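The following briefing accompanies the sequence and the three-dimensional structure shown below.

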Amino acid sequence: MAETIRVTLPDGKVIEPAKGINLGDLARSIAISLGKKAIAAVVDGQTRDLHVGLDHDATVKFVTEADAEAQDVVRHSCAHLLAQAVKRLYPEAKFGVGPVIESGFYYDMELPHQLEPEDLEKIEAEMKAAAAADFPLKRSTLSRDGALQWANERADPYKHELISDLPADVTISLYSQGEFTDLCTGPHVPTTGRLKHFKLLSIAGAYWRGDEKRPVLQRIYGTAFVDAKSLEEHLKAREEAVRRDHRKVGKELGLFMFHPLAPASPFFLPKGAWLYNALVAYVRGLYQEFGYQEVVTPQIFATELFKISGHYDNYKENMYFTTAEEREFGVKPMNCPAHALMFGAKGRSYRELPLRFADFGRLHRFERSGVVAGLTRVRTFAQDDGHIFMAQESIGDETESFFALQHRIYKDLRLPDPTVLVGTRPPKSVGSDELWQKAESTLLAQLERLGQKYTLNPGDGAFYGPKIDFQVRDAIGRAWQLSTFQLDFNMAERFDLHYNAQDGTAKRPVVVHRAMLGSLERFIGVYLEHVAGNLPVWLSPVQAKVLTVMTDVVPYAREVVSRLAAEGFRVELDDRPEKIGAKIRDGALEKVPYLLVIGARERDSGAVAIRERSVGDQGATPLASFIERLKAEVAAKR
RNA sequence: GCUGCUGUGGCUCAGAGGUAGAGCACGUCCUUGGUAAGGACGAGGCCGUGGGUUCAAUUCCCACCAGCAGCUCCA
């Protein structure tokens, strides 16, 4: 009589299979269909593959294609399948790591051959062949020494290094599928035949272990899903992202351009400049309400300033310098040193605090050539920047006020909720334990009070204080920091700033660096992708375009244009001798919110025929009521 | 900065060792047409820049510049 164990299933049912039964057999013993559908199993909370034997009482939940865990298992197995295919095509291939990532998987490798896009098709075909062979994945284990020997035999230096970094007593598992074996902790699908819906996407270089001093490996990116529909949707979303790319949209709509003679520095064309200025005007309006005072500060400072602020020591590789009359100057990469000078320029009283300086000053930062991209990473930009000088006791109030301002802006702009990241004290930092502790707990308490979800990034704060970053994603899924709120215990120290407290003593203010939109350039890029170029009416450089059906109505069309312009709207006229269909098409491609079609009927009745961007033809309306409608929409920031 | 790819009229792109093409946009003319492309004709190019190979280079090679993807970086 074989020994049995007790296995608890998700529905609470307990079964008693023989000790050592592997999970695949267990699934089959429960139901034939479960045996077929199962991809892996969660044993006491840990995902395992189906070849693992069970030798103790446990709770077991089988992962089928319907479960969220299945996707990662499939992707991980696809990475192995990719490696198997590559090894077949290029037997000299040496492999690095092949993890699952948010949107799929990749595998890093060293190959004698430089991969080209066409190679992906060949590799993918080989993957399909290996999947069709339906190899079972066999798990085996080795000691660390055994694994090192294994890596040596295969002349796989990268795997060797990975194993070397593991503790001496570790047991290392290997997975084999057909002729291919890889080092891996698993879990994996039971057979390669379970891998059906995958696609290789791109080739890139990547430093071995992310270290720019080490060799660059070739990385193949791919994605995989448990079902065909999800894969298709993912690929569609990728295409959509390309359509929304702000660089494409900006060019098509004539918003901005770049020129090789000013690399990574945007030129805002008239329509883009209008949008840019509208955003500034909008934020400026809120400053009134939230107690900020706008200042205008110099562009270039003697280098001494940046030595005081610390930028010279920590950041000079990213700054632009110039010399005049034998004195060295630096172009500002940030506004804060200027604001510190203004704060320190006269004696300050606690009665003036919190003192909030806002500054749309242009900043210049030298960014390495490989990192710049469109509007999202540029060498010159302006922020809706501000610095708050305050007493320590005000940290809570100012945090709350900032959140109110930040939320207001995101609401007005109809932006999705950003990911909120809280960075706490890093290993190297300035400021007292007490100050840090108080600041961190105040920030967190405020977030809790506001019901704001956040992710804690311990040790990710700036050396000068804890921070809250707000991230949104662009069309291609890259995360960008827009809003930020950073406490600074260092700046006041460096500039020897103080104020007279109520008790007559001199105290150090705490400084906050904060921005809501962040870099206006980056914001415009991300926002254009968010709205796919369809700017809301209140931010559209052209709000309405008047289209004439025939030449006879041009005088009336001009009248409509001037009526609208007189009301403060931005209007264009298309009176070309073209057919109305052509004018509509052009207007639609320009993403103008309202196209106003004018023919004899409209002229005779003092009307405009409205074609709304997202709706289509809405028929004729008296001009006066269209004006009311536009006014209402602009007021509602629609 | 690193790895790879790309650079041809305003835009999107084709092209071949023998000094260049399409569509759209633009201009002129015809057409006055009612909700996503009317027609004809025309103008427009140092084929990113600089070297090299060649009888001949926009095409091949090298370097540089710029862009794209990824990596690294972003006090």
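Leaving aside residues up to four places away in sequence, alanine 607 of the chain touches Glu602, Ala620, Thr621, Pro622 and Leu623, where contact requires C-beta atoms, placed from the backbone, to lie within 7 Å. The model is predicted: local features need pLDDT of at least 70 and side-chain atom pairs count only at pLDDT 80 or more, while totals for chains, interfaces and linings use all residues. Residues are numbered from 1 along each chain as its sequence is written, and chains are lettered from A and ligands numbered from 1 in the order in which they are written.

**Alanine 607**
- Alanine 607 belongs to strand β33; strands (E, at least two residues) and helices (H or I, at least four) are DSSP runs numbered from the N terminus.
- Alanine 607 is buried because 21 other C-beta atoms lie within 10 Å (buried: 20 or more; exposed: 12 or fewer; partly exposed: in between; C-beta atoms placed from the backbone).
- Valine 597 is 10 residues from alanine 607 in sequence, and their C-alpha atoms are 9.5 Å apart.

**Surface near RNA strand B**
- RNA strand B is surrounded by 52 residues, the closest being Gly205, Ser369, Gly370, Met550 and Gly599; a residue is near if its C-beta atom, placed from the backbone, lies within 6 Å.
- Among the elements that each supply at least two residues are α19 (600-605) and β33 (607-612), while α18 gives the most, with seven.

**Domains**
- Chain A comprises domain 1 (7-64), domain 2 (69-240), domain 3 (256-530) and domain 4 (537-635), with bounds from an automatic or database domain assignment.
- The C-alpha centres of domain 2 and domain 3 are 42 Å apart.

Key:
Contact = placed C-beta atoms within 7 Å.
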